[in-house]
Amino acid sequence: MRAIVVYESHWGNTAAVGRAIAEGIGPEARALSTAEATGEAIAAAELVVAGAPPLGFRLPTEDTLRGLTAERSPSPPDLSQPSVRAWLEALPRGNAPAAAFETRIWWSLGSAAKAILQQLERAGYRPIAKPEKFIVKGRYGPLRDGELERARAWGAELARASAR
Ligand SMILES: Cc1cc2nc3c(=O)[nH]c(=O)nc-3n(C[C@H](O)[C@H](O)[C@H](O)COP(=O)(O)O)c2cc1C
């Protein structure tokens, strides 16, 4: 199945989950940064999956991202790619099956995935699963043990659901 899994990731957790989801979907699925997920890749996709971390209890805004430079994180944040929020704003209308995910701390309020899925639906895409969460152990990660395996399994489930 020609699927794209688009991610926003500043410390690598969401990117790792995105790659695992693509592996689970199958060999024709590709995990792409927001800069790589262009019009042509989107138009050819039979399934569109998008993910981002919630920052400050919501899908990151440009303001949130500017603030990340002040973080005292073990490694600097990757701010080289457009946000998923900006990617969604530029997304052409479509009708492919769609799903959304986030990587987050287990107790957090708010959701990035829910906002992503609503926006995909507004653009005409058809949700095939509930927004999914993958859990990190701290502010910058790492992912909890077993989350990448769970992401692969979720990818396989999405492939089955969109083939129905
Ligand atoms: C400034 C900042 C705000 C955050 N806010 C939230 C939040 O509201 N909810 C949450 O669950 N996690 C929050 N986190 C944790 C990140 O969402 C989490 O580490 C995520 O996996 C990072 O993904 P990435 O490595 O792909 O950038 C926050 C982290 C930072 C640095």
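Where is the place of P142? P142 sits in the loop between β6 and α6, where helices (H or I, at least four residues) and strands (E, at least two) are DSSP runs, numbered from the N terminus. The peptide bond that runs from G141 to P142 is cis, and its omega is near -5°.

Before going on, a word on what we are looking at, everyone. This is a predicted model, so local features need pLDDT of at least 70 and side-chain atom pairs count only at pLDDT 80 or more, while totals for chains, interfaces and linings use all residues. Residues are numbered from 1 along each chain as its sequence is written.

Now to the helices. The axes of α1 (residues 13–25) and α6 (residues 147–163) come within 6 Å and cross at roughly 45°; axes here are lines fitted to C-alpha atoms, for helices over the stretch in contact, with angles from 0 to 180 degrees between N-to-C directions. The two helices are therefore oblique to each other. For that term, angles under 35 degrees count as roughly parallel, over 145 as roughly antiparallel, 65 to 115 as roughly perpendicular and the rest as oblique.

Among the residues that meet across this pair are A16, A20 and I21 in α1, and L148, A151 and W154 in α6. Contact means that the C-beta atoms of two residues, placed from the backbone, lie within 7 Å.

On to the core. The largest nonpolar core has 46 residues, and I21, V48 and I116 are among those with the most contacts inside it. Such a core is a set of buried Ala, Val, Leu, Ile, Met, Phe, Trp, Tyr and Cys residues joined through C-beta atoms within 7 Å. Buried means 20 or more other C-beta atoms within 10 Å of a residue's own, exposed means 12 or fewer, and partly exposed is in between, with C-beta atoms placed from the backbone. The most to this core comes from α1, with 7 residues.

If you click on V48, you will find contacts with I4, I42, A96, A98, L120 and Y125, leaving aside neighbours within four places in sequence. In α5 (residues 112–122), I116 and L120 are among the buried residues. The buried residues of α5 pack against elements including β3 (47–51) and β4 (97–105).

Last stop: F57, in the loop between β3 and α3 (62–67). F57 has a positive phi of about 70° although it is not a glycine. Is F57 buried or exposed? F57 is exposed, with 11 other C-beta atoms within 10 Å. Thanks, everyone!
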